[in-house]
Structure formats: structure tokens, C-alpha cells
Amino acid sequence: MGNAVRSLIAFIPSKRCRRFLAGDLTEMPPDGTLDLSGRQLRRLPVTACVFGELSKLYLSGNNLSGLPEELKLLRKLQLLALDFNRFEELPAAVCKLPRLSILYLGNNKLFRLPEELRELKELNTLWLETNRFSVFPSVVCELPNLKTLHLGYNQIRRLPEELGRLEELRSIWLAGNELTEFPKVLLEMQFLAVIDVDRNKIQRFPGLCHLQGLKLVIYDHNPCVNAPVVANGVRRVGRWADCSDDEQEDEGSKLKMTETEEDLNVQLSSG
């Protein structure tokens, strides 16, 4: 049945209609995975929260803005996908899932995270891309086992120094934000393997040769006059990525001279 019909049924608050959208939730899925993605759900049926052995719950692409408190009964849940919904705040019950290791929250309307998020001690992957964060959510710095952080396509301007506490962090994805300088805290995080600052407003990149764990840096679509200098074996994605450091420096010098000449011409013509 098409999404248009599902959308219409989703507005009818009867148990029969919710059963139609979510299915007959009477038996524990044999593989421990329950996929209710794309069902046009406006509410999660409480019956989905009785499967104590559930390890993965997919709720992507619905119309959810809240979750029942009974969600906390899923004590063995390891993966929770809430992306492409209508959340403006993270439901409190999510922070009461002790084994949660992967949390998808992309493409919602979040602009902050609750302090209770720190209780997710096992969380190692957090997706927050395409939300409404203008300030880096500081509680993220209290997730000791976090390995992958996706925060692309928000409006973040700076990263806090406390981010350096995350010694397990290996990849950070920050494309499409409002960074005007390369974050200084990242220069101290020797263990980072992937840094993505694509589509920001960074004009100059510092050297990254000292980052011993670095494998990939993505810096394309920035108004930069240089590329980050990296150690041998590190892949760069962006302007001058295929040039040697000397060639990059020469090209950068030519660019600066061109800009200076253009500025001078403008001044002369206006005079």
C-alpha cells in the first residue's frame, strides 16, 4: 500500500490502524531485529517494547516526535535508528538503554541533547547530521567509548576543548557546518584516523603531519589558500590533494598574487 494511504491511516488513533501500520507485534523476531522503518508511524506501539531480547530497532522514516517510556524495557538493545523523523528533543527513555552502542538521529529537528545522554557508556557510534545544532552538544564529550561522530550539516562554528577527552574517537565528520578555522582541539587528538571538514569556511589549514593515526582528511569546498600538509600514506580529498607540498605552495603563492592584483585593480578603478 502506498505512503499516501499510510499517511492517512496514521492520523486515525485506533488500535486497529496502528496494528495495520506496525504489523502484528505478538512474537519476538527470531534474529533480534525489529524493522518498522517507513511505516508513517506517529507513535511507537508499546507492544514493540516487550521484547526484552531485542538487539536492533529500526524506526527510520516515520513521523515520530516522541517515544513511550516503556522503551527503557529493551535492556539489551544495541542499535536504535531514529533518523528521518520529527524529533525536536531526544526522548528520555533513549538514555536508559544500558547496552546501546549505535544511535542514529540524523535528519531530525534536534538543537540540543539532554545531559542524561552521558549514561550511555557503551555508545560508540552517534549520527547527528542534518539537525539544528548551532552549538556543539557538550554532553557528547562525556561518552568515553565514542569512536565515530557524525555532526555534518548543522550550523556549528567551533568545537570545545573537552572533545579531546574522547580518546577512543577515531573519525569525526563535520561537513557542511560554519567552521571558519580548523578546530585547534583536533590538532591534539593523535588517535584520529578520519577528519572531515568538507564544505565549511576554513581559509587556511595547519600542518597535520604530527597526527600519527591519521589516514584520511577531507577538506574540499573550503575557501582555503592551502591544503593541509600530511604525513606519507595519508589520503587528502580537496584542492591540491594530488600536488606535492612544493607545488601546492607555488600554486598558493600565485593565488595570493592574483588576489592582490585584483584588489589593486579595484582600488585604482575606484580612484
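Good morning. A residue counts as partly exposed when its relative accessible area lies between the 20% limit for buried and the 50% limit for exposed. The structure under discussion is a predicted model. In this model, tryptophan 127 has a relative accessible area of 26%, and it is therefore partly exposed. Tyrosine 104, at 24% relative accessibility, is partly exposed as well.

I turn now to the aromatic rings. There are 3 aromatic pairs. In one of them, tyrosine 104 and tryptophan 127 are tilted, with 5.5 Å centre to centre and 40° between the planes. Tyrosine 104 belongs to strand 4 and tryptophan 127 to strand 5, so this pair links parts of the chain 23 residues apart.

Phenylalanine 205 and tyrosine 219 make an edge-to-face pair, because their planes stand at 65°; the ring centres are 5.5 Å apart. Both phenylalanine 205 and tyrosine 219 are buried. Ring pairs also join Phe182, Phe205 and Tyr219 into a cluster.

Let me continue with the charged side chains. The whole structure contains 9 salt bridges. Among them, glutamate 178 and lysine 201 bring their closest N and O atoms to 2.7 Å. Glutamate 178 sits in the loop between strand 7 and strand 8, and lysine 201 in the loop between strand 8 and strand 9, so their bridge ties together parts 23 residues apart in sequence. Lysine 201 is partly exposed, at 43% relative accessibility.

Arginine 199 and aspartate 198 also form a salt bridge, at 3.8 Å from N to O. Which of its partners is buried? Aspartate 198 is, at 12% relative accessibility, whereas arginine 199 is partly exposed at 40%. Finally, salt bridges link Glu69, Lys72 and Lys96 in a network. Thank you.

Key. Residues numbered from 1 in each chain as written. Predicted model: local features only at pLDDT ≥ 70, side-chain atom pairs only at ≥ 80, totals over all residues. Heavy atoms only, no water. Phe/Tyr/Trp six-rings, centres within 6.5 Å; stacked < 30°, edge-to-face > 60°. Helix = DSSP H or I, 4+ residues; strand = E, 2+ residues; numbered from the N terminus. Buried < 20%, exposed > 50% of the residue type's maximum accessible area, 1.4 Å probe, protein only. Salt bridge = Lys/Arg side-chain N within 4 Å of Asp/Glu carboxyl O.
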